Amino acid sequence: PCLWYHLKQCPAPCLFRADQIEAYDISNIQGKEATGSMVTFIGGKPDKNFYRRFKIKTVHGPNDVAMIKEVLMRRFNHPEWPYPDSILIDGGKAQLNAALEVKRQKLKGKSVAVQAGSRSGGTIQKLKIFAIAKRNNELFIEGKKEPILLKNLPDETANLILRARDEAHRFALAYHHHLRDKSLLN
């Protein structure tokens with residue numbers, strides 16, 4: 001069974017849900033040299049062909065919620081990138097709500113059909129969004145009021161979520177350090 005079964009969102013068996021996951025993180029120091037990252041896990045393994053990094057352009061000052069909105073808006077403006085089955089945001093309820101707002105805005109737009117070349121055949125309508133808060137490893141889930149503690153999920157599900165979050169963090173931090181070092185040289 002997939003992640004949706006363990007989260008009591010489907011009765012299983014399922015074939016394609018939670019097959020492709022994109023995880024996002026933001027890295028900055030007081031808003032300076034702010035970056036965002038997107039990492040993609042397919043079948044539980046990272047696929048670096050689908051990794052993307054974003055230099056934050058429209059948000060000034062430390063505002064991770066606005067930065068995650070910018071990154072997701074820019075991501076959804078790429079119809080050539082296949083939609084995943086789910087998106088994992090590093091953050092809590094505020095970050096989840098920001099991501100859901102971007103999803104709603106995109107649904108009101110026009111390009112919500114299945115994308116050509118999509119591995120999962122995903123659409124914006126079927127896309128589920130989660131946010132993982134570091135403090136207690138709480139998983140906030142689209143459509144649920146209360147978070148789920150990762151320790152209450154099966155180990156393989158919790159470990160996949162943590163690996164995706166940590167990889168997004170590593171990738172965002174590496175790009176942030178690159179931009180910071182570049183600005184120091186200038």
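Visitor: How many residues does the largest nonpolar core have?
Guide: This is a predicted model, where local features need pLDDT of at least 70, side-chain atom pairs count only at pLDDT 80 or more, and totals for chains, interfaces and linings use all residues. Residues are numbered from 1 along each chain as its sequence is written, and side-chain values use heavy atoms, leaving out hydrogens and water. A nonpolar core is a set of buried Ala, Val, Leu, Ile, Met, Phe, Trp, Tyr and Cys residues joined through side-chain atoms within 4.5 Å; buried means under 20% relative accessible area, exposed over 50%, partly exposed in between (1.4 Å probe, protein chains only). Tyr24, Leu72, Phe76, Ile87 and Ile89 have the most contacts inside the largest core, whose residues number 27.

Visitor: Which elements each supply at least two residues of this core?
Guide: Helices (H or I, at least four residues) and strands (E, at least two) are DSSP runs, numbered from the N terminus. Those that each supply at least two residues are β1 (20-29), β2 (32-42), α2, β5, α3 and β6.

Visitor: How many residues are in the second core?
Guide: This core is separate and includes Ala23, Tyr51, Ile148 and Phe171. Its residues number 25.

Visitor: Which residue of β6 is the bridge partner of isoleucine 89?
Guide: Two strands pair if DSSP finds at least two bridges between them. β5 pairs with β1 in the parallel sense over four bridges, and five bridges join β5 to β6, also parallel. On the β6 side, isoleucine 89 is bridged to alanine 131.

Visitor: Which residues of β5 point the opposite way from Ile87 and Ile89?
Guide: Five of the five residues of β5 are buried. Ile87 and Ile89 point one way from the strand, and the other way point Ser86, Leu88 and Asp90.

Visitor: Which side chain makes a polar contact with the side chain of aspartate 90?
Guide: Aspartate 90 lies in β5 (residues 86-90) and is buried, so its relative accessible area of 11% falls under the 20% limit. A polar contact is a pair of N or O atoms within 3.5 Å; within protein, one must be able to donate a hydrogen and the other to accept it, and residues adjacent in sequence count only if both atoms are side-chain atoms. At 2.8 Å, the partner is lysine 134.

Visitor: How far apart are the end C-alpha atoms of helix α3?
Guide: The expected span of a helix is 1.5 Å times one less than its number of residues. The 16 residues of α3 (residues 93-108) should therefore span 22 Å, which agrees with the distance between the end C-alpha atoms, 23 Å.
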